[in-house]
Amino acid sequence: MNSAPVEKPAAVTASDTVFASDPIAPAIPRVLLAEASLPYRRVIREALMAFRICEVDDAPSGERAFELALQREYSLFLFSLPLPDMTGDMLDRLLSKAYPMVHAGAHAAPPVIFLIQPGDGLRFQELQRDVRVRGSMPLPPKLDVLLAVTASLLPERQGFTFPPFSTPHVP
């Protein structure tokens, strides 16, 4: 009789997800989107997940985005300059200080792309001095601009792959 203890395998969480073709690849990049408009958030989230390899968490306010950023690690921030409770650049400044303190191994907060209204052009020019600012996208969202501004930051999805369809089990 074998008396060696049996070890149970560790549970796999969503953050442990890897690319299916490479078992040692890093986790799928995660994007944090902060925008007050639900339709804009939905369009941006669905477009990113359809055309880029990433997962997207979205928040309607700066406060909620701040909470999410402290709970999970992200590869990219997408912040609207006008948010209901604070400006997107204020949120980015707060996270640039707090993010490395909370996430071990992170020396800086992820790069940021700002979602700007037509009147925010001058303000965005001032924000471009920060090395983490990688661009802007005008609101309402435009697919070609979104894909262009994220091209160097998120891997491109090669074709659409859907999970295999399985017929429901009927007893």
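**Aromatic pairs and a helix side**

Tutor: The count comes to four aromatic pairs, where rings of Phe, Tyr and Trp (its six-membered ring) pair if their centres lie within 6.5 Å. Planes under 30 degrees apart count as stacked, over 60 as edge-to-face and the rest as tilted. Tyr74 and Phe77 have ring centres 6.2 Å apart and planes at 55°, so this pair is tilted. This is a predicted model: local features need pLDDT of at least 70, side-chain atom pairs count only at pLDDT 80 or more, and totals for chains, interfaces and linings use all residues. Residues are numbered from 1 along each chain as its sequence is written, and side-chain values use heavy atoms, without hydrogens and water.

Student: Are Tyr74 and Phe77 buried or exposed?

Tutor: Both are buried (under 20% relative accessible area; exposed is over 50%, partly exposed in between; 1.4 Å probe, protein chains only).

Student: Why is the pair of Phe114 and Phe124 edge-to-face?

Tutor: A ring pair is described by the distance of the centres and the angle of the planes. For Phe114 and Phe124, the centres are 6.5 Å apart and the planes at 70°, so the pair is edge-to-face. Phe114 counts as buried at 1% relative accessibility, and Phe124 at 6%.

Student: Which residues of helix 2 are buried?

Tutor: In helix 2 (residues 62–71), they are Gly62, Ala65, Leu68 and Ala69. Helices (H or I, at least four residues) and strands (E, at least two) are DSSP runs, numbered from the N terminus.

Student: Which residues are exposed on the other side of helix 2?

Tutor: Glu63 and Gln71 are exposed there.
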